[in-house]
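Subject: Structure for you to look at

Hi there,

Here is the structure I promised to send over. Have a look at it first, and then read on for my notes.

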Amino acid sequence: MATAGAPAGTGRTITTNIPARLDRLPWSRWHWTIVIGLGTVWILDGLEVTVVGNIAGRLSEPGSGLPISSGQVTGIAAALYVAGACVGALFWGRLTDRFGRKNLFMITLAVYLAATALTAVSFDTWWFLLFRFLTGFGIGGEYAAINSAIDELIPAEYRGRVDLIINGSFWLGAVGGSLLSIPALNTDIFPANVGWRLTFALGSVLALVILLVRRHVPESPRWLLIHGRDEEAEEIVTSIEQKGEAEKGRPLARPEGELTIHQRGSVTFMEIARTVFAKYRRRSILGFSLFIGQAFLYNAITFGFGAILTKFFDVPSGHTGYYFAVIAVGNFFGPLLLGKLFDTVGRRVMISSTYLLSGILLFGTAWLFDRGSLDAVTMTACWCVVLFFASAGASSAYLTVSEVFPMETRAMSIAFFYALGTAAGGISGPLLFADLTESGKVGDTVLAFQIGAGLMCAAGLVAAFLAVNAERRSLEDIARPLTAAASKAREVAGSGPASGTGSAPA
C-alpha cells in the first residue's frame, strides 16, 4: 500500500508499508529462487580464484602455451584480478544505486562471462593478465549489486544467515576449482596447453546458466519506491505475497509500520561522502577494519597456498587440489553452521568472536609451522579450523556494510569498503605473499601468517566496540533512508524481530 501526493515519478512524497510487508514474509520457495539466482555467482568467484592458485605451477611449465612464471600467476595476475574487482566495484556500485539492482547484476555477470571465456584462449602473458583484470572487473560489480539486492529482498528475520551462506558459497566454487584442477592438470587426460584452458571455459558455461536463471529475479521494490516507481514495487510485492499465501495455505501476518519518503532520481557523491564519513563515522571505521582484515588474510593466503604445499611439503603441483578442497569445505561449513547465530546471538558477539578466534588460531598455526611441527596433512587440518571461523567473519563484513548504511547509498557503500579494504589487503597481500613464499624461507612465510592474523585480531577488537546490533531489524530501522520525510518517517517493522514463520536456511 502506497499513497502519493503528487503525479507519478520522482519528486513526490509517498507513504508506504512495502518494506514492512517484505520483512514480515515467511520463508518460501520464492526466496530460494533469490538465493539460487543471485547467490550462485560466488561459486564462480571461488572457482576463479582457486583454479588460478592450483594451475600456477602448470602454467609456468614448458608446453603450457604461455611464457609465464609461477610468481606472475600467483602474484601479478592475482593482484590484477583483485585490482579489477576493486575498480569494478566502484564503477558498477555507483551505477547500481542509480539504475537499479537488476540491470547491473545482469550486466556485470555478462562482463564476467566474456572475460573468462577470453582468458581461456590466452596466447601470451599480456593477454592473460589483461583478462584476469577484466574478469575481476565483472566480479567486483557483482559484490555491490548482489549484496544490495539480497538484503533488500530477504526478510529481516533471516537476512544474516542467508547473506553469510550466500557469501560463503564462494567456497563451494573453491571445492569445484580444486577438484577440477586435478584432471585438468593430468597430462594423461589433457595436453599441458589444453587442460587449464578448459577450467576457464567451464566458468563461462556456468555463468551463462546463472544468467538465464537470474532473468526471473525482480528488481528491488525498495529501490523502485525511492526512484518513483512505486506501482512496479506494489505489483512485485503483491505477487510475492500471493505466492507465499498459496504455499502456506493461510493469510500472511499483518505488516507493522509505514515509511514516508520523498522520491528522487539519484544521490550525489557529496551526499554519499557526508553520510559515510560524517553521519556514520563509527560504522565506516568498522567496515574498513573488517574488510582489511579479511581481505589480507584470504587474498594473500588463498592465492599462495598451492605454492606453500609444493615448496615446503613437496606436494606435486597436480595434487594440491585435494588439499585445498578439504580447506574449502571447512570454509563453507563456517557460514553454514554459524550463520543462524548471527541472527539469534547477535552481530556484535558473532562478528568479533569469529575474527578474534581465526586470528588467534592462525598465530598458533604460524608457531607450529615455524617449529617444523607440521606436514602437508596437519597444515591443511590447521587451516581448515582457522578458516572455519574466518569464513563466517569474512562473510559478515559484506553483511555489515550492506545493512548499516542508508538505502540510497547501499551499493556504493559496499563497493567503497570492498574496494578500499581489498586494495589495502588484497592487492598488497598476493604481491607480498608471492615474494615471501618464493624465497623458500620458513621465517618469511611465518611473517605473512602473522600479519594476516594480527589484522584479523585487530578487526575483531574493533567489532567488539563498534558493531551494530542489526539482527532481525528492518533495514530502514538500522539506517534511516536519506529520502525519508523528516517529520513523517515512522519506524518500519518495529525495532524488534520481524514477524513471520517458515523454514529458512539453518
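The expected span of a helix is 1.5 Å times one less than its number of residues. With that in hand, take helix α18, residues 442–466. This helix has 25 residues and reaches 36 Å from its first C-alpha to its last, close to the 36 Å expected. Please keep in mind throughout that this is a predicted model. The buried residues of α18 are Thr445, Val446, Ala448, Phe449, Gly452, Ala453, Met456, Cys457, Ala459, Gly460, Ala463 and Leu466.

Next, two helix pairs. The axes of α7 (residues 159–168) and α8 (residues 170–184) cross at roughly 20 degrees and come within 4 Å of each other. Because angles under 35 degrees count as roughly parallel, α7 is roughly parallel to α8. On the α7 side the contact is made by Ile166, Asn167 and Gly168, and on the α8 side by Phe170, Trp171 and Leu172. Sorted by type, the residues of this contact are four nonpolar and two polar, with no charged ones.

For α14 (residues 320–344) and α15 (residues 347–371), the axes come within 7 Å and the crossing angle is roughly 140 degrees. The two helices are therefore oblique to each other. Leu338, Leu341, Phe342 and Asp343 of α14 meet Arg347, Met350, Ile351 and Thr354 of α15. In this contact, five residues are nonpolar, one is polar and two are charged.

Now the aromatic side chains. A search of the whole structure turns up 28 aromatic pairs. One of them is formed by Trp127 and Phe131, a tilted pair with 4.7 Å from centre to centre and 45 degrees between the planes. Because these two residues are four apart in helix α6 (residues 125–153), about one helical turn separates Trp127 from Phe131. Trp127 has a relative accessible area of 19% and is buried, and Phe131 also counts as buried, at 9%.

Tyr143 and Tyr418 form a stacked pair, with 4.6 Å from centre to centre and 25 degrees between the planes. This pair links distant parts of the chain, since Tyr143 is in α6 and Tyr418 in α17 (residues 410–438), 275 residues apart. Both tyrosines, Tyr143 and Tyr418, are buried. There is also an aromatic cluster, made up of Phe277, Tyr280, Phe288, Phe405, Phe416 and Phe417.

Glu142 is found in helix α6. Is Glu142 buried or exposed? Its relative accessibility is 0%, so Glu142 counts as buried. Which residues is Glu142 in contact with, leaving aside its neighbours within four places in sequence? They are Val41, Trp42, Phe105, Thr108, Leu109, Asn147 and Arg214.

The other is Ala201, which sits in helix α9 (residues 195–214). Ala201 has a relative accessible area of 31% and is partly exposed. Its C-alpha atom is separated by 9.2 Å from that of Leu113, a residue 88 places away along the chain.

Best wishes

Key. Residues are numbered from 1 along each chain as its sequence is written. This is a predicted model: local features need pLDDT of at least 70, side-chain atom pairs count only at pLDDT 80 or more; totals for chains, interfaces and linings use all residues. Side-chain values use heavy atoms; hydrogens and water are left out. Axes are lines fitted to C-alpha atoms, for helices over the stretch in contact, and angles run from 0 to 180 degrees between N-to-C directions. Angles under 35 degrees count as roughly parallel, over 145 as roughly antiparallel, 65 to 115 as roughly perpendicular and the rest as oblique. Contact means heavy atoms within 4.5 Å. Ala, Val, Leu, Ile, Met, Phe, Trp, Tyr, Cys and Pro count as nonpolar, Asp, Glu, Lys and Arg as charged, and the others, Gly among them, as polar. Rings of Phe, Tyr and Trp (its six-membered ring) pair if their centres lie within 6.5 Å; planes under 30 degrees apart count as stacked, over 60 as edge-to-face and the rest as tilted. Buried means under 20% relative accessible area, exposed over 50%, partly exposed in between (1.4 Å probe, protein chains only).
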